[in-house]
Amino acid sequence: MTANRAESEGRSDATGDSGVTSMTEIASPRGSPGVESPVIQSRDLDVFYGETQALDGITMDIPERRVTALIGPSGCGKSTFLRSINRMNDLIDVARVEGDLFFHGKNVYDDDVDPVALRRKIGMIFQQPNPFPKSIFDNVAYGLRVQGKDDDLEEQVRTALERAALLEEVEDQLDSSGLDLSGGQQQRLCIARAIATDPEVILMDEPASALDPVATSKIEDLVETLAEEYTVVIVTHNMQQAARISDKTAVFLTGGELVEFDDTTKIFENPESQRVEDYITGKFG
Ligand SMILES: Nc1ncnc2c1ncn2[C@@H]1O[C@H](COP(=O)(O)OP(=O)(O)OP(=O)(O)O)[C@@H](O)[C@H]1O
C-alpha cells in the first residue's frame, strides 16, 4: 500500500543521501486541520508488537517549529508513536509497522531510507538522561566527529551547549565527565549532544519525569526555546506540562487510538470528545 499510495498521490521521492531530505506535500484529504507546515505526517499508522496492536490507524500532521505534546494514559501507545517517527521501533524485534509515516513527504519506511541518517535528522531524548561516560566536551562532539564535521569543533560544541542552556554552568569544566553533572544538567547535555549535529526534529520521551521541579522547569523553558529552531514532539504524563509548553496536543487513549488532536488551548479548554474531557479532568487515566 505504501508505495502505491505515494505514486497515486503523485509525490516525488527524489531525495538526498539520507533519503529523507525532499520537501513534497502529501495530497491527503485527511490530515490535521489547522496544521499548515507539517513536517511529519502519519497516515493510518498501525504498530504491532507480535500479536498485540499498540497503535490503531494514527493519522496526524505535526507542524514545523512548534511543540506537539502526546498525552494519554499509560500503555496507550505514546512512546510507540514517538519511536515510529525515527524508526526506533526497528530495534524491537517483534515490532511491525503498517501504514505510512512521512517526513517532508518521504515515507521513512521506504526501502531506500537509511534509519541512521534519519535519526540524525530526527533526534531523540529519553526519560533517563544517558550521557556517554566521556567528558562534557566529548559527549557533545561525539556525533560531529562521527560525521567528520570537526572543523571549529570547539565553537560547535559551545554553540550546542549554549542552545541547550548549559554552557554557563559548565564552561569551566568541559573536560569533566558528563556523568558528574546533576540529572537536570545531564538531560540538557543530552539535548546539546542531540542538537550538535543539527537535526530538524527533536523527539522527547518524558524528558523531565526523572527530574526535580527546578530541573523540570529549566527543561520546560528550554523546550519552548528549542521550538524556535526545531520541531519538537514530546511525550508527557504531566498534563499541566503539556498545557504549559505545547502548541498542539494529541490525546491517545486505550487501544492505541488517537482520539483528538488540536491546538493545546482547545484540547484543555473545550475538547470535542467527551472521552478527552473525562481524561483531562481526571475522571480516568
Ligand atoms: N518492546 C515491547 N514489546 C512488546 N510490547 C510492547 C513493547 N513496548 C510497548 N509495548 C506495548 O505496547 C503498548 C503501548 O506501549 P507504549 O509504551 O507505547 O505506551 P505509552 O502510552 O508510552 O505508555 P507509558 O505512558 O506507560 O510509557 C502497551 O500495551 C505496551 O505493553
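Analyst: In this predicted model, helix H4 (residues 136-146) packs against helix H7 (residues 183-196) at an angle of about 25 degrees, and their axes are 7 Å apart. An angle under 35 degrees counts as roughly parallel, and H4 and H7 are therefore roughly parallel to each other. The crossing in which H4 passes H7 is right-handed. On the H4 side, the contact is formed by Ile 136, Asn 139, Val 140, Tyr 142, Gly 143 and Leu 144, which meet Leu 189, Ala 192, Arg 193 and Ala 196 in H7. Classified by residue type, this contact of H4 with H7 holds seven nonpolar, two polar and one charged residues.

H4 also packs against helix H5 (residues 153-163), here at an angle of about 110 degrees and with the axes 9 Å apart. Because angles of 65 to 115 degrees count as roughly perpendicular, H4 is roughly perpendicular to H5. The crossing of H4 and H5 is right-handed. From H4, Phe 137, Val 140, Ala 141 and Leu 144 meet Leu 153, Gln 156, Val 157, Ala 160 and Leu 161 of H5. The contact of H4 with H5 comprises eight nonpolar residues, one polar residue and no charged ones. Val 140 and Leu 144 of H4 take part in the contact with H7 and also in the contact with H5.

The remaining pairing to describe is that of H5 with H7. Their axes come within 8 Å and cross at roughly 125 degrees, and H5 and H7 are therefore oblique to each other. H5 passes H7 in a right-handed crossing. In this contact, Gln 156, Val 157, Ala 160, Leu 161 and Arg 163 of H5 meet Ala 192, Ile 195 and Ala 196 of H7. Its residues by class are six nonpolar, one polar and one charged.

Turning to the ligand, 14 residues surround it, and the closest are Tyr 49, Ala 54, Ser 74, Ser 79 and Thr 80. Strand S2 (52-63) and helix H2 (78-85) are the elements that give two or more residues to this shell. H2 gives the most, with three residues. By class, the shell around the ligand has five nonpolar, eight polar and one charged residues.

As to confidence, the mean pLDDT of the protein is 89, and 88% of its residues reach 70 or more. Over residues 1-29, however, the pLDDT is below 50, and this stretch has 54 contacts in the model beyond near neighbours in sequence. The model scores are ipTM 0.98 and pTM 0.89.

Notes
Residues numbered from 1 in each chain as written. Predicted model: local features only at pLDDT ≥ 70, side-chain atom pairs only at ≥ 80, totals over all residues. Axes fitted to C-alpha atoms, helices over the stretch in contact; angles between N-to-C directions. Helix = DSSP H or I, 4+ residues; strand = E, 2+ residues; numbered from the N terminus. Parallel < 35°, antiparallel > 145°, perpendicular 65-115°, else oblique. Left-handed = near helix turned anticlockwise from the far one by under 90°. Contact = placed C-beta atoms within 7 Å. Nonpolar A, V, L, I, M, F, W, Y, C, P; charged D, E, K, R; others polar. Near = placed C-beta within 6 Å. pLDDT = per-residue confidence, 0-100.
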